[in-house]
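Below is a short briefing on backbone geometry, a pocket and a surface patch. Please read it alongside the sequence and the coordinates.

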Amino acid sequence: MVTKTETIKNFLQAKARSDLSDLYNHDMECQVNVSQDGGERIEGEYKGSHWHGWSDGLQTWKAIRVPYNANTEPFFVDTKMTYDIIHAEAIGMSGWDWKNKQSCWVAFDFDALIGHSDRHAKKLTNDDLIKLESIACEIPWVTVRRSTSGAGLHLYVFLSEVRTETRREHAALARSIIGLLSALTGYPF
C-alpha cells in the first residue's frame, strides 16, 4: 500500500527541484490542490466535514491537507492513496512541522499581474517584482526564488526550529517576520 505522504514525497522528488523536494517529510504541513482534469464535480461529507472533488467515473480525486485540525490539536491518519497524483495542480508547504510542533521555515508568495489567478487582488507589476527581488536579495537570511512559472517570487526564511504549537502560531510567526522585513528595509512587504 502506498500512502498519501509517500505519494506526495515521490511526486515532489520526480517533479520539483531537489532543494525544495528535500524540505518535505511526512510531518510537514502540506496541501495538495487538484485540477478538474475533465472530471465531474462531486461533493460529500466525511466525519462532519464537507468536501468536494472530481470524478471521471473510475477515480475520484480531491485536495489533501496534512494535518487535520491544524489550528487546534493537529493529527493525521496516513491512508492509502486512492487516485493518480497526476491530478495534482499544486503542492505547497508552509514550513511548519506539525508533529514536532516547530517552524522550520516560513515562505511568502508574491504574484505578478500576468500568469496568476484573477482572484489575487494584490498582484504586482514586473517592475514591482524586480524592486522587491532586489531589496530581498540584500537581506542575507532571506532566500529568493522565482516561481516555477517565472511570473512571481517566493521568499524563504529558514529558522532554527522555533516552537509553534499550531498553524495559527506558525502563521503569526510568519506575519512577524514579514513585518520585520518591512521595518528593516522600509519596503511594504
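Glu161 sits in strand E9, residues 152–163, of this predicted model. Its phi is near 45°, a positive value in a residue other than glycine. Glu161 counts as exposed because its relative accessible area is 53%, above the 50% cut-off.

**Backbone geometry**

- Most residues other than glycine have a negative phi, and most peptide bonds are trans.
- Asp37, which is not a glycine, also has a positive phi, of about 45°.
- Asp37 belongs to the loop between strand E1 (28–34) and strand E2 (40–46), and its relative accessibility of 43% makes it partly exposed.
- The peptide bond from Val66 to Pro67 is cis, with omega near 0°.
- Pro67 is part of the loop between E5 and E6.

**Second largest pocket**

- The second largest pocket holds about 920 Å³ of space.
- Its lining comprises 22 residues, and those nearest the centre are Lys4, Tyr46, Trp51, Lys62 and Tyr68.
- Strand E3 (49–55), strand E4 (60–62) and E5 each give two or more residues to this lining.
- E3 provides the largest share, four residues.
- By class, the lining has nine nonpolar, eight polar and five charged residues.

**Surface patch**

- A nonpolar surface patch is formed by Tyr68, Phe75 and Val77, which together have about 260 Å² of accessible area.
- Tyr68 is also among the residues nearest the centre of the second largest pocket.
- Phe75 is located in the loop between strand E5 (64–66) and strand E6 (88–97).
- Phe75 counts as partly exposed because its relative accessibility is 38%.

Terms used: Residues are numbered from 1 along each chain as its sequence is written. This is a predicted model: local features need pLDDT of at least 70, side-chain atom pairs count only at pLDDT 80 or more; totals for chains, interfaces and linings use all residues. Side-chain values use heavy atoms; hydrogens and water are left out. Patches are made of residues with over 30% relative accessible area and no salt bridge: like charges are joined within 9 Å, nonpolar side chains (Val, Leu, Ile, Met, Phe, Trp, Tyr) within 5 Å. Accessible areas come from the Shrake-Rupley method with a 1.4 Å probe; for residues, only the protein chains shown count as cover. A salt bridge is a side-chain nitrogen of Lys or Arg within 4 Å of a carboxyl oxygen of Asp or Glu. Buried means under 20% relative accessible area, exposed over 50%, partly exposed in between (1.4 Å probe, protein chains only). On a 1 Å grid over the protein atoms alone, a cavity is a set of points where a 1.4 Å probe fits but cannot get out, and a pocket is an open set with protein on both sides within 12 Å along at least five of seven lines; lining residues have an atom within 4 Å of a point. Grid points are joined across faces, edges and corners, and a volume is the space filled by probe spheres set on the points. Ala, Val, Leu, Ile, Met, Phe, Trp, Tyr, Cys and Pro count as nonpolar, Asp, Glu, Lys and Arg as charged, and the others, Gly among them, as polar.
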